[in-house]
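Subject: Two-chain model, handover and notes

Hello,

Here is the model we talked about. Please open it alongside this message, and then read the notes below.

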Amino acid sequence: MTPRKLLRIAWWEVTRNAGGIDRRTLAVAFVILALFGLVTPLLLDGGVGLDDGLYRVGIDESSPYYPVVADDETFVVRPGADRADLRNGDVELLFEGATVQFRDNPKSLAAYGELRGTVERFNNEQLRLEENGTAAFPVSVLLEYRQRGGGGDSPRIEDDDAGDGGASDGTGPADDGEVDDAGPGDDPGSGDGEETDGTGDPTDGGGSGTGGTGDRGPSLGGDSGGGLGGISGPLSDDQVSGSPADISPPFPFQSLVLAFLFVIPLNFLIQAYGSTILSERINRRGELLLASPVSRFDIIGGKTLPYFLGGMALESVIAIGLFVVVHGELGGVVSLLAVAPLVLLFLGATFLGAMFARSFKELTFVTVTITVTLTSYAFVPAIFTDVGAVALISPLTLVVRDLQNEAITLGEFTFSTAPPLLCSGVFFGLGAGLYREEDMFDQRSLRGRLLDALVGPIPRAGGSSRLTARLDPYVALDLRTARQYVAVGGLTATLIPFVFVVQLLAIALLFALGEISLILVLVVVAIIEEIAKSLHVYASFQHRRFEPGLKTALALGVASGVGFFFAEKIALLAQLVGLPELAVGEAGLQGGIVPGPFALTVALFLLAPLVLHVVTAAISAVGASRGKRQYGIALCLAMLVHLAYNLTVVMAVV
Amino acid sequence: MIEAQNLRKEYGDFVAVDGSTFSVQDGEVFGIIGPNGAGKTTTLKMLAGLVEPTAGEATVAGYDANDREMRTHLGFLPEESPLYEEMTPLSYLSFFADLYDVPDGVADRRIHETLDELELEHRERQLGDMSKGMKRKVAIARSLINDPAVLIYDEPASGLDPLTTNYIIEFTEQLAREGKTVVFSAHNLFHVESICDRVVIMNEGESVARGDLDELQAEYGETTYHVYTTVEVPGSVRENGRYRRVVESMDAVERTREAARQAGGSVVDIRTEESSLEEVFLNVADSRKRRRGG
C-alpha cells in the first residue's frame with residue numbers, strides 16, 4: 001500500500017464527486033442539515049411541543065393556581081373568562097377561586113386530567129424545595145435493578161425507613177350541581193349541573209410523598225449506575241423524590257434517541273459510498289485504475305477514506321453538539337471513538353455488498369438490508385443499556401452511557417468496539433478479494449462471488465513469489481503448500497469477528513426467552529461456527545486450489561480447526577465485562593470461559609474445544625473435497641457433532 | 001520485450017486461453033487476431049497483469065506480468081475504456097500521471113504534447129460531453145502518460161468512424177516508429193496487415209499460427225499464378241486479346257508454357273497473387289475445423 005497514492009485517489013474521489021454536485025443539490029443538502037439541527041434541540045426539549053396551547057383555561061392572576069397553569073405550555077391562560085365562555089366552549093377549564101369547573105365533554109375532561117398531572121408535578125417540585133426533606137418525603141424506597149440472569153431474578157425493592165406516606169386526604173364527594181370535587185386517583189367527578197358538568201380541586205391527591213434515597217441503578221460493569229440522568233423519571237437520578245408513580249423502568253429513552261442521531265447519517269453515507277464503489281464496476285469504469293501501478297488496497301482505501309472521514313466529521317458535529325446542548329460543555333470524545341467502528345462497519349458491509357451487487361437495483365436492496373440489519377445491531381442492544389451487560393454488544397450503548405456521563409472502562413470499550421471493528425475488517429477483506437478484473441465486471445452469481453471472495457486470500461499451488469523463485473523447486477513447493485494451509489487457517493481466524501458478532505446478536509435477541517434461549521444459542525453457535533470453518537475450504541476445492549483427496553481434506557480440516565481455535569480466544573474479551581455471567585453468554589462464548597482447576601482448564605478450555613474444532617472442520621472438509629452435495633451433508637453432520645458437544649460439555653459446565 | 005509461455009486461463013470449466021506461447025521483440029508491432037471468443041482479450045489482459053493466468057507465465061519489459069512495477073512501463077488500452085465522464089481530459093490525465101509517478105512538470109508537458117498530436121481540442125470540456133472518437137483519443141493519451149516502452153492496445157479503433165479509425169491506426173504506426181513495442185488486437189485484419197510485423201492467430205483459446213506475414217502466407221496462404229499466352233491453351237480464358245490461365249504451382253506454369261509453345265504461341269506475362277491475411281486466417285480456421293471434423 002502506498003499512502004501517497006491512496007491519498008491521491010482519496011482527493012480524486014472528493015474532487016470528482018464535488019464537481020458533480022450542482023447548486024440545487026447543495027441547497028437541498030443544506031436544508032436537510034438545517035432541519036437536522038433544528039430537530040435535535042426539539043428532541044432534547046422533550047419533543048416538538050404538539051400539545052402546546054392545547055387547552056384554554058379561564059383563570060385570574062389572583063388565583064393560587066395561576067403560576068401552575070401559566071408555567072405549563074399545554075395551557076393557554078384566558079383571564080376574565082366566565083361561565084358563558086365555558087359553556088360556549090371558549091375555554092375548557094374555568095377557575096373560580098380554588099375550584100375548577102369543566103364540562104362533560106372529552107376535551108374538557110382531558111384538560112382536567114392534564115391539569116391534575118400538572119398540579120401534582122408542581123406540588124412535588126415545591127416539596128423538593130423544602131429544606132426538611134424527610135418531612136417532605138417521609139417514605140424512603142431503595143430501588144435496585146438487578147441484571148437479568150438465567151433464573152430471571154426479579155427486582156428487589158427495599159423499604160428503607162418507611163414513614164407515613166402522605167396519604168391521600170382530599171377525596172371530596174361530588175356534589176350535585178355545579179361543584180364537583182374530584183379526589184386523587186379518581187376520575188374527575190362529574191355532575192349534572194346546569195351549566196357546567198363538574199368541578200374539582202386539583203390539589204386533591206397530590207399529598208402522597210415518597211422519598212427515594214440511596215444508590216440505584218443496575219450497576220453495569222460494577223460501577224455504573226442506572227444513570228438515567230433524570231430522563232426516565234424523577235426517581236431515577238439526582239431528583240430522588242416524587243410519588244411512587246414516578247418509578248419507571250430504567251429505559252434511557254432520550255439518550256437512546258440522541259444516540260440514534262449518530263446512526264442516521266450513516267444510512268445516507270452508505271448510499272453515496274455504495275454508489276461510488278458500484279460505479280467503478282458498471283461499464284468497466286474501474287478497469288484502468290486496476291491496470292495502473294497502484295494496488296487494489298490503495299484504490300479501496302482511497303475511495304473509502306473520504307467517506308470515513310466525512311462520516312466521522314458528521315459524527316463529530318453531532319457529538320459536540322449533543323454534549324453542548326445536554327451538558328453545556330464540550331465533550332463526546334468517547335462517543336466519537338465508540339461510533340468510529342460503527343462507521344467502519346457500515347462502510348465495510350456496504351463495500352462488500354457493492355462488490356456483490358450487479359446493478360444499482362441490487363445495490364438498493366443491499367443498502368436497505370445493511371441499514372436495517374446494522375441499525376438493529378446498533379440500536380436494539382442499546383435499549384438494554386440500563387438492564388444488563390448484554391447491551392454492551394452495541395457501541396451505541398457506550399454513546400448512551402457517555403451521554404449520561406457514566407464511566408466506561410477500557411474493557412467495556414474494547415468489548416463493544418472490537419467486534420464491529422474486526423468485522424469491518426473482514427468485510428473489507430472479503431470485498432478486496434473481489435476487487436479484481438475477473439470479479440468486478442462480470443455478472444456472476446452471488447454464490448460464485450461469495451466463493452471467489454473467500455478463496456481470494458488462498459494462494460494457488462503453482463503460484464510463485466520472489467522468495468520461492470529463488471529456492472530449490474522441492475523446497476519451494478513445500479513452502480507454497482505450507483503457505484496455502486496457513487492461509488486457510490488464517491482465513492478461518494479472520495472470520496472469527498463475524499462469528500462473534502452473530503453470536504452476540506443471537507445472545508442479545510434470545511436471552512429474554514428463558515431456558516430455551518440457551519438451547520437456541522447453542523444451535524446458532526454450532527451453525528455459524530461450522531460454516532465459518534468450512535465454507536472457504538469448500539471454495540478452495542471448487543477453485544482447484546487443492547487437489548481433492550482424503551489426506552488433503554483432513555489436513556485442511558486441521559488447519560481450519562486450529563485457526564478457529566486460536567482466534568476463538570478473542571472471546572476472552574467477553575470476560576472483561578462479565579458477559580458470561582449470563583448463562584446464555586457463557587454458552588454462546590464458551591471459548592472464553594476459564595473453569596477453576598488447572599487440569600479442568602486445560603481439558604475444557606484448551607483440549608476439548610481444539611479437538612472439537614479440528615474434528616468438525618475435518619468432517620466438513622472431507623465433504624467439501626467431494627462436491628457440493630457432499631459438502632452440504634458433511635456440514636450438517638459437523639453441526640450436529642458440534643451441537644452434541646455443546647449440549648453435553650458446555651451444558652455441564654454452565 | 002514480451003514473453004508468453006503456455007499461458008492458460010480457465011473460468012470454471014471454460015478454458016478461455018489454452019497454452020498460448022509467443023514472444024514480441026523490442027520495437028515490434030505484434031498483432032493478435034482471431035474470431036470473437038478466441039481468447040485475444042484475455043491474453044492481452046494476462047500480459048497487462050489484469051488477469052492472473054491459471055497456468056503459464058508472462059514477462060513484460062523484463063518484469064513478471066503480475067508485478068506491479070511492470071505497469072509503470074506499460075500503456076494499456078482496453079477495448080472498452082469508459083472514462084470518468086465528470087472529469088475533463090486535463091484533470092483525467094493529470095490524475096493518472098500522478099498514479100504513474102510522473103513529475104508534475106513532465107506530466108503537463110506530456111499531456112499537452114500528446115493531446116496536440118492527437119489533435120484533441122476542448123480540453124476543459126467534461127468527458128461526458130465528448131464524442132466517442134474524442135474519448136478514444138483521451139484514452140490513448142492516458143496510455144501514453146507514463147511514456148511506456150510497451151503498448152498493449154485491444155481493438156483501439158473499435159466502433160469508430162473510418163476517419164478516426166485511420167487516424168488512430170496511423171498514430172499507432174507512428175508510435176511504433178518512435179521505438180515503442182506495440183501489441184495490437186483488431187477484428188479488422190486490413191489494419192493488422194498494414195501495421196503489424198508479426199501476428200499470432202488465435203482460435204478457441206489456442207494460438208494456432210504465428211509468424212510474420214510471409215511465413216504465414218507460405219504456410220497457410222495460397223499463391224496463384226496468372227499465366228498470359230498468345231494462343232489458347234486448355235483452361236485459359238480470353239482477356240484483352242490474350243489468354244489467361246490461373247494455376248497454383250510453378251510446375252503448372254511450366255506445363256502451360258509447354259502447351260503454348262506446342263500450339264505455336266508463347267507465354268507473354270506471368271503474375272503472382274498472394275493470399276491476404278484475411279484469407280490466411282480463414283484458411284487456418286478452415287483447416288482446424290476440418291482437422292477436428294476428421
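First, the conventions. This is a predicted model, in which local features need pLDDT of at least 70, side-chain atom pairs count only at pLDDT 80 or more, and totals for chains, interfaces and linings use all residues. Residues are numbered from 1 along each chain as its sequence is written, while chains are lettered from A and ligands numbered from 1 in the order in which they are written.

**Chain B overall**

Chain B has nine helices and 14 strands. Helices (H or I, at least four residues) and strands (E, at least two) are DSSP runs, numbered from the N terminus. The C-alpha atoms occupy a box of roughly 80 × 45 × 30 Å along the principal axes. The radius of gyration of chain B is 24 Å, whereas a compact globule of 294 residues would have one near 19 Å. That radius is taken over C-alpha atoms, and the globule rule is 2.2 Å times the number of residues to the power 0.38.

Of the 294 residues in chain B, 40% are buried. Buried means 20 or more other C-beta atoms within 10 Å of the residue's own; exposed means 12 or fewer, and partly exposed lies in between, with C-beta atoms placed from the backbone. Among chain B contacts with a separation of 6 or more, 66% link residues 24 or more positions apart. A contact needs C-beta atoms, placed from the backbone, within 7 Å.

**Where the chains meet**

Chain A gives 20 residues to the contact and chain B gives 22. On the chain A side, the elements that give two or more residues are α1 (3-19), α8 (287-291) and α14 (437-440).

**Cores**

The largest nonpolar core has 192 residues. Such a core is a set of buried Ala, Val, Leu, Ile, Met, Phe, Trp, Tyr and Cys residues joined through C-beta atoms within 7 Å. Those with the most contacts inside the largest core are A:F346, B:L47, B:I152 and B:V183. Helix α10 (residues 333-356) of chain A gives the most to this core, 14 residues. Leaving aside residues up to four places away in sequence, A:F346 touches A:L266, A:L269, A:I270, A:I370 and A:L374. A second, separate core has 19 residues, including A:I59, A:F102, A:A111 and A:Y112.

**Strands in chain A**

Strand β1 (residues 55-58) of chain A is covered on both faces. A:Y55 and A:V57 are buried on one side, A:R56 and A:G58 on the other. β1(A) pairs in the parallel sense with β2(A) (residues 75-77) over three bridges; pairing requires at least two DSSP bridges between the strands. A:R56 stands opposite A:V76 in β2(A). β1(A), helix α3 (residues 66-71) and β2(A) make a right-handed β-α-β unit. Right-handed means that, with the strands pointing away from the viewer, the path from the first strand over the helix to the second runs clockwise. β1(A) also runs parallel to β3(A) (residues 93-96), joined by two bridges. There A:G58 has A:L94 as its bridge partner.

**Strands in chain B**

β11(B) (residues 223-229) pairs antiparallel with β14(B) (residues 267-274) over seven bridges. B:T224 stands opposite B:E273 in β14(B). β11(B) also pairs antiparallel with β13(B) (residues 242-247), over five bridges. In β13(B), B:R245 stands opposite B:V227.

**An enclosed helix and positive phi**

Eight of the 11 residues of helix α2 (residues 89-99) of chain B are buried, so α2(B) is largely enclosed by the rest of the structure. Among them are B:Y92, B:F95, B:F96 and B:D98. Just after α2(B), B:D101 takes a positive phi of about 60 degrees.

B:N6, in strand β1 (residues 2-11) of chain B, has a positive phi near 50 degrees. B:N6 is partly exposed, with 14 other C-beta atoms within 10 Å. B:A61, in the loop between β4 (55-60) and β5 (63-64) of chain B, has a positive phi near 55 degrees. B:A61 is partly exposed, with 19 C-beta neighbours inside 10 Å.

Best wishes

Conventions. Contact = placed C-beta atoms within 7 Å.
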